[in-house]
Structures are given as structure tokens and as C-alpha cells.
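Thank you for making time this morning. I would like to walk you through one model, so please bring up the sequence and the structure.

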Amino acid sequence: MRVSSGVPGFDELVEGGLLTDRLYVVSGPPGSGKTTFCSQFITQGAKEGESCLYVTMHETKTELMQDMSGYEFGFDRAVQSDAVQFLNLVTENGKRTITQFGSEGGLTNRLVAYIRQNDIQRVVIDSTMLLQHFMNDVSDEITGFLSALKQTEATTLLISEMTDPSSYSDEHYLAHGVIFFHNFLEGGSMTRGIQVIKMRGTAIDCDIRKIQFSDRGLQVVPDEKVES
């Protein structure tokens, strides 16, 4: 079973959508489109009546809504609806919320319990870089964190600040899929692209496809390849 990403043109690259109940890593340099992609993913889930969770460790709901306010894909309506729960783990309210789901096992057990008890179907976690605030040793604990997320019945997007597509870390090996965003200067102008590096259970070609931003948000041009 597959679900739509909510990003025009992307589903064509992955046989019609993302396989459900799996963990995907969305990587790339700052400003390349990761947050917009994930916001469209959450918005699509809300439109389809799915229960969604957006977990952040550095941005408030208001700030994220402001960031997405220039687009018309409906993120503001989605995050204010009953379909989407927003959890900022560094605010007092966020800390109180997550603490209700146990006192043992740290962030991993609490977040997994939150997802399961609320029957969450789509999750965005932003981002791996900020997990250091909740883990004593990220290199040791990240494996258990990702493995636990994979055991939930949620389709999860984990944002990673990886900037080199040839330099992999634990989350890329453990995830079911890896989506990489590119932005680089070429001929004096910025070239943007998206590349599906890994996608278990799905036929992919790993070519970089052109992306563009409009009032509708991020869009993939599946028939236009980018030479890096």
C-alpha cells in the first residue's frame, strides 16, 4: 500500500507513492526544500483524513506556518485542524506532553508511545541534527531510536542535514528510503534537484530530477534530469 507524498511530480519517481509504515530520510543542504517537502507530506495526510504528527526541536508552530505562508497548498489549515498534532520538544508544553508517555527509556520510548497511543499515521521529525539535545551519545542511541520508529505503524519522514550525498550515516543505512535534495551554483544561477538514492520495495533510477517552487509549493519535474 502506498500513500501520496503531496508533492506534485514526486510520486511518479517512486511507483505512485511512498510505501506505508516505513521510515524515510529526507536529506540535503540548508534551503534546498526539505521542510517544504515534509510540510506538503503532512498537509496531504490531513487532506486524506489521516492522523499526523509534526515533531520539531527548534521551531514553533507559528514560525513554521509563517515559513509556509507564501504557498497555497494549505499547510496553515492542516496544522490548525484536528488531523495534525504539533509537538515542539524544547518548549515547556512539549516537554509536559511527551513526559505523559513514560519516564523510562528517554525520548525514544516516549515518542514511540505517543505515536502508538494516538494512532498516528504520518510523522515528520525535524531533525536528526537536534537529537543531540536528547541523547547522551547520538552515535550509540540513534540506532535504537530509528529501529523503534520503524516498528510503529506510521509513515515517517526524518529530516537530516546531510550535505554530501556520497557521505552516509547511520540513519541512511537504517531507513527504508533516502531522498536527497541538491542545490548548487551552475553558470551563475542556482540549480535545484531531487534524487531518490534508496527506496526499498520500489524501482528507482537514482537520477537527479529538476525541482521548482511556485505558489503550490515544491514541484518535481520528473521528465527533466539534472546533471551535477
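Predicted model: local features only at pLDDT ≥ 70, side-chain atom pairs only at ≥ 80, totals over all residues.

**A hairpin and the core beside it**

Let me start at the hairpin of β8 and β9, where two residues lie between the strands and Gly187 takes a positive phi near 65°. Residues are numbered from 1 along each chain as its sequence is written, and side-chain values use heavy atoms, with hydrogens and water left out.

Strands here are DSSP runs (E, at least two residues), and helices are runs of H or I with at least four, numbered from the N terminus; two strands pair if DSSP finds at least two bridges between them. Strands β8 (residues 177-186) and β9 (residues 189-199) pair in the antiparallel sense over ten bridges, with Gly177 opposite Met199. β8 also pairs with β3 (residues 23-27), in the parallel sense over four bridges, and there Val25 stands opposite Val178.

Now to the interior: a nonpolar core is a set of buried Ala, Val, Leu, Ile, Met, Phe, Trp, Tyr and Cys residues joined through side-chain atoms within 4.5 Å. The largest one has 35 residues, and Phe10, Phe37, Leu157 and Ile194 have the most contacts inside it. Its largest share, five residues, comes from α1.

Definitions and conventions
Buried < 20%, exposed > 50% of the residue type's maximum accessible area, 1.4 Å probe, protein only.
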